[in-house]
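Reader: I've got the sequence and the model open side by side. Can you walk me through what sits where?

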Amino acid sequence: MGLLDGKTGLVCGVANKRSIAWAIAQALSAAGMRLAFTYQGERLKENVEELAGTRPGSVLYPLDVTSDDEIGALFSGVERDLGRLDALVHSIAFARPEDLKNDFVATEREGFRVAHDISAYSLVGLTRAAMPLMEKSGGGAVLALTYYGAEKVTAGYNVMGVAKASLEASVRYLAANLGPKNIRVNALSAGPVNTLAARGVRGFTGMLTHHAEKAPLRRNVEPREIGDAALFLLSPMASGITGEVLYVDCGFHIMGV
Ligand code: NAP
């Protein structure tokens, strides 16, 4: 018997096999959860289709989180195909390349809006849409992915750090709203992982080296470790935890000078 046998989950944010969302999906699926996946645009469909195809019983939907219509269509599809939902994984972030390249002070209104819409508001929109399907399950768990740059200034992270701060605050407000419905909302703050999105951050390779040198475990986190921590937070093992940000960063965030 798997920890999540008979449970269903929606994983948003798989772009390819390096995606953190894919590491999480593998952990959830290995524990018995049936999964729905989303892909953003036809460009990524084939990639995600191929990966999702390796998970028995999985289903696939398009999703651009900037569209309320697509969010609505997604959850109609999930309701039709899965009937209910126990878990939602939000592993989505975007900022315009110029806003990760220039100084933060140069961020224009549109860049600020786009980063916050896609990387933070989308958690609120997706969670609200997931709520009725989680209530059908008697409760559920939502997980968002964040980074230390929400808390401390990280060179090159810029508007994404500010959007992650908004995401983490949203986790707490959502957790307070949804707790009475037995829906838990948490975030996992991952150390740097070499993914498509991460490579958009100026100086990312240097960031990997710095983390590995400074972290108590003297290495960078492996995607599998993020998947395992996500499995914990989304499973009944974490039934008493909500509104939390759990660091999976080999201890990097505890270090001062
Ligand atoms: P990734 O593989 O590039 O995943 C990011 C995902 O966000 C992609 O699937 C991307 O699709 C999707 N996305 C962007 N805009 C979207 C939109 N408008 N609608 C729907 N989906 C959209 O990179 P990742 O590193 O695994 O990122 C996953 C999460 O982990 C993000 O929240 C990220 O900030 C967080 N995180 C990453 C690290 C790290 O070092 N990698 C560390 C801590 C936290 P497209 O490719 O089509 O844009």
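Reader: Which residues come nearest to the ligand?

Author: First, a caveat: this is a predicted model, so local features need pLDDT of at least 70 and side-chain atom pairs count only at pLDDT 80 or more, while totals for chains, interfaces and linings use all residues. Residues are numbered from 1 along each chain as its sequence is written, and side-chain values use heavy atoms, with hydrogens and water left out. There are 28 residues around the ligand, where being near takes a heavy atom within 4 Å. Of these, the nearest are Ser 19, Gln 40, Lys 164, Val 193 and Thr 195.

Reader: How far from a ligand oxygen atom is the polar side-chain atom of Ser 19?

Author: Think polar contacts here, meaning pairs of N or O atoms within 3.5 Å; within protein, one must be able to donate a hydrogen and the other to accept it, and residues adjacent in sequence count only if both atoms are side-chain atoms. Gln 40 puts a side-chain N or O atom 2.6 Å from an oxygen atom of the ligand. For the polar side-chain atom of Ser 19, the distance to a ligand oxygen is 2.6 Å.

Reader: Are α5 and α6 roughly parallel or roughly antiparallel?

Author: Helices (H or I, at least four residues) are DSSP runs, as are strands (E, at least two), and they're numbered from the N terminus. Helix α5 covers residues 109–136, helix α6 covers 158–178, and they pack at about 20° with axes 9 Å apart. Axes are lines fitted to C-alpha atoms, for helices over the stretch in contact, and angles run from 0 to 180 degrees between N-to-C directions. Under 35 degrees counts as roughly parallel, over 145 as roughly antiparallel, 65 to 115 as roughly perpendicular and the rest as oblique, so α5 and α6 are roughly parallel.

Reader: How many charged residues does the contact of α5 with α6 have?

Author: Contact means heavy atoms within 4.5 Å, and among the residues that meet are Phe 112 and Leu 123 in α5 and Val 162 and Leu 174 in α6. Asp, Glu, Lys and Arg count as charged; Ala, Val, Leu, Ile, Met, Phe, Trp, Tyr, Cys and Pro as nonpolar; the others, Gly among them, as polar. The contact has 14 nonpolar and 6 polar residues, and the charged count is none.

Reader: How many charged residues are in the contact of α3 with α5?

Author: Helix α3 (residues 68–81) crosses α5 at roughly 20°, their axes coming within 10 Å. Glu 79 in α3 and Lys 136 in α5 are among the residues that meet. The contact divides into 8 nonpolar, 1 polar and, for charged, 2.

Reader: What about α1 and α8: roughly parallel or oblique to each other?

Author: Helix α1 (residues 20–30) and helix α8 (residues 223–234) cross at roughly 55°, and their axes come within 8 Å. Residues that meet there include Ile 24 in α1 and Leu 231 in α8. With that angle, α1 and α8 are therefore oblique.
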